[in-house]
Amino acid sequence: MNIKEKLGNRIRILRLERKISQEKLAHLSSLDRTYMQSIEKGERNISIITIEKISKAFNITIDELVKDL
């Protein structure tokens with residue numbers, strides 16, 4: 001599994017643990033739902049800005065988001 005797939009999987013797991021939809025996470029992150037879907041699939045090489053948006057949406061630090069990748 002490459003780093004994009006690992007990060008996408010981590011985001012998906014966190015989202016499911018919090019019982020929120022991709023659409024809700026995308027909204028909280030100020031991202032498009034289809035973009036969020038492609039992130040979770042490991043298809044996107046996302047920027048540090050996007051990583052920050054997602055971590056804020058989860059109310060966690062970037063360190064926590066990328067933990068164990």
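Reader: Where is the place of N59 in this structure?
Author: N59 lies in the loop between α4 and α5 (62-65). The model is predicted: local features need pLDDT of at least 70 and side-chain atom pairs count only at pLDDT 80 or more, while totals for chains, interfaces and linings use all residues. Residues are numbered from 1 along each chain as its sequence is written, and side-chain values use heavy atoms, with hydrogens and water left out.

Reader: What makes N59 count as exposed?
Author: Its relative accessible area is 69%. Exposed means over 50%, buried under 20% and partly exposed in between (1.4 Å probe, protein chains only). N59 is therefore exposed. Its phi is near 60°, a positive value in a residue other than glycine.

Reader: How do you know that D68 counts as exposed?
Author: D68 has 73% relative accessibility and therefore counts as exposed. This residue is found in the segment after α5. Its phi is positive, at about 65°, although D68 is not a glycine.

Reader: Why are α2 and α4 called roughly perpendicular?
Author: Helix α2 covers residues 22-29 and helix α4 covers residues 48-58. Helices are DSSP runs (H or I, at least four residues), and strands are E runs of at least two, numbered from the N terminus. The two axes come within 8 Å and cross at roughly 110°. Axes are lines fitted to C-alpha atoms, for helices over the stretch in contact, and angles between N-to-C directions run from 0 to 180 degrees. Angles of 65 to 115 degrees count as roughly perpendicular, under 35 as roughly parallel, over 145 as roughly antiparallel and the rest as oblique. The pair α2 and α4 is therefore roughly perpendicular.

Reader: Which residues of α2 and α4 meet?
Author: From α2 come L25, L28 and S29, and from α4 come K53, I54, A57 and F58. By class, this contact of α2 with α4 has 5 nonpolar, 1 polar and 1 charged residues. Ala, Val, Leu, Ile, Met, Phe, Trp, Tyr, Cys and Pro count as nonpolar, Asp, Glu, Lys and Arg as charged, and the others, Gly among them, as polar.

Reader: What makes S29 count as buried?
Author: S29 is placed in helix α2. Its relative accessibility is 1%, so S29 counts as buried. Not counting residues up to four places away in sequence, S29 touches M36, K53, I54 and A57, where contact means heavy atoms within 4.5 Å. The side chain of S29 also reaches the backbone oxygen of L25 at 2.8 Å.

Reader: Why is α2 called roughly perpendicular to α3 as well?
Author: The axes of α2 and α3 come within 8 Å and cross at roughly 105°. That angle makes α2 roughly perpendicular to α3. Here Q22, E23, L25, A26 and S29 in α2 meet R33, M36, Q37 and E40 in α3. The classes in this contact are 3 nonpolar, 3 polar and 3 charged residues.

Reader: At what angle do α1 and α3 pack?
Author: Helix α1 (residues 3-17) and helix α3 (residues 33-40) pack at about 115°, with their axes 7 Å apart. The contact is made by K4, G8, N9, I11, R12 and R15 of α1 together with M36, I39 and E40 of α3. These residues divide into 3 nonpolar, 2 polar and 4 charged.

Reader: How do you know that S38 is buried?
Author: S38 is in helix α3. Its relative accessible area is 7%, and S38 is therefore buried. M36, I39 and E40 are likewise among the buried residues of α3. What covers the buried residues of α3 includes α1, α2 and α4.

Reader: What joins the side chains of S38 and R44?
Author: A polar contact of 3.0 Å joins them. A polar contact is a pair of N or O atoms within 3.5 Å; within protein, one must be able to donate a hydrogen and the other to accept it, and residues adjacent in sequence count only if both atoms are side-chain atoms. Leaving aside neighbours within four places in sequence, S38 is in contact with E43 and R44. Just after α3, G42 takes a positive phi of about 80°.

Reader: Why is T50 called buried?
Author: T50, in helix α4, has a relative accessible area of 8% and is therefore buried. Leaving aside its neighbours within four places in sequence, T50 is in contact with L31, Y35 and I39.
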